[in-house]
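Colleague: Could we go through this model together? I would like to start with its pockets.

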Amino acid sequence: ESKDYPIEINGVIAGRYQILEFLGAAAFSKAVQCVDLTDGSYVCIKIIKNNKDFFDQSLDEIKILKYINAHDSRDEHHLLQLFDYFYFKEHLFIVTELLRDNLYEFSKFNRESGAESYFTMPRLQKITKECLVGLKFVHALGLIHCDLKPENILIRSYSRCEIKIIDFGSSCFITDHLTSYVQSRSYRAPEVILGLPYDQQIDMWSLGCILAELWTGRVLFQNDSLATLLARVVGILGGIEENMLFQGRYTHRFFTKTKIIYDRLSDDNGSLVYIFPKKTTLRHRLGTDDELFIDFIDKLLQVNPTKRFTAEQALHHPWLAHQYA
């Protein structure tokens, strides 16, 4: 029987953490801001819903966070810090550092408030550097984040423009048996969609999508299905290499024998429709003539993952060193 843990403001969890504020709910958890009564510090607590699958996935995330934190004891790589975890009243509780808004919420708030954009080029450079330092570190540990998106990058300081990468609930080691159900759709790399082997480079693709979105305020590859997503990719970046299509286990789900993209409508007959990509350019979609920035995004959004920049390579790209007036 799945009963949600009752959240009461000022209530105390396990005799130690007093609930101050409800922060939000996700598919299998709720987050609250608490004060640790032992030392007065503020923390975030994720309360996992009472369900075996969610419990197992959360234990995996704890294991990965402990592994990452153990190798990053000085907290220098912009990755979420795990403080504690425990089982109480038939629920799993995960205690982490308290951060601010995620980039999706903040970007939306920033646009809707009518204020000037927070995401200027110098700030984008800073956010990018911090993400790359985090990804380089995670990747060197043999891990793939597998769900990088604006919702999983949280602001640590608005004034200093500092971020942290969170949510390692989908992460896996490169040596694990890799599933094809990774990454949120709009940030999913072509090799994952086509059913090709994948590695850390899928995180780099996601980062390219995120930066384009922060700059323009729009999802780069707008889509309502995987087929329409692929059509956007082809329209903006050009065709997908023949050998990738040939080797993809799922290519036949999206491409006809003559390499035309098709989609199944969700009507009663499951009718097929052809999709002809609208030709445009990355430059046009980014709406800027900043050559270094366009080139940087282009290097992250190489359809062929072997040609895509690694985190290490991206850190040395001239865009990151460019001084804006």
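Colleague: Which residues lie nearest the centre of the second largest pocket?

Modeller: Gly-169, Ser-170, Ser-171, Cys-172 and Val-182 lie nearest its centre, and 20 residues line the second largest pocket. This is a predicted model, in which local features need pLDDT of at least 70, side-chain atom pairs count only at pLDDT 80 or more, and totals for chains, interfaces and linings use all residues. Residues are numbered from 1 along each chain as its sequence is written, and side-chain values use heavy atoms, with hydrogens and water left out.

Colleague: What counts as a pocket?

Modeller: On a 1 Å grid over the protein atoms alone, a pocket is an open set of points with protein on both sides within 12 Å along at least five of seven lines, a cavity is a set where a 1.4 Å probe fits but cannot get out, and lining residues have an atom within 4 Å of a point.

Colleague: What is the volume of the second largest pocket, and which element gives the largest share of its lining?

Modeller: The volume is about 360 Å³, taken as the space filled by probe spheres set on the points, with grid points joined across faces, edges and corners. The largest share of the lining, four residues, comes from α1. Helices (H or I, at least four residues) and strands (E, at least two) are DSSP runs, numbered from the N terminus.

Colleague: How do the lining residues of the largest pocket divide by class?

Modeller: They divide into 13 nonpolar, eight polar and eleven charged. Ala, Val, Leu, Ile, Met, Phe, Trp, Tyr, Cys and Pro count as nonpolar, Asp, Glu, Lys and Arg as charged, and the others, Gly among them, as polar.

Colleague: Changing topic, what is the strand order in the sheet?

Modeller: The order is β1-β2-β3-β4-β6-β5, an open sheet of six strands with antiparallel pairing. Its edge strands are β1 (12–13) and β5, each pairing on one side only. Two strands pair if DSSP finds at least two bridges between them.

Colleague: How many bridges join β5 and β6?

Modeller: Six bridges join β5 (residues 82–88) to β6, in the antiparallel sense. Leu-82 has Thr-96 as its bridge partner in β6. The two strands form a hairpin with two residues between them, and Lys-89 in the turn has a positive phi of about 50°.

Colleague: Last topic: which residues line the largest cavity?

Modeller: Asp-4, Tyr-5, Ile-7, Lys-30, Ile-47, Ile-48, Lys-49 and His-91 line the largest cavity, which holds about 40 Å³ of space.
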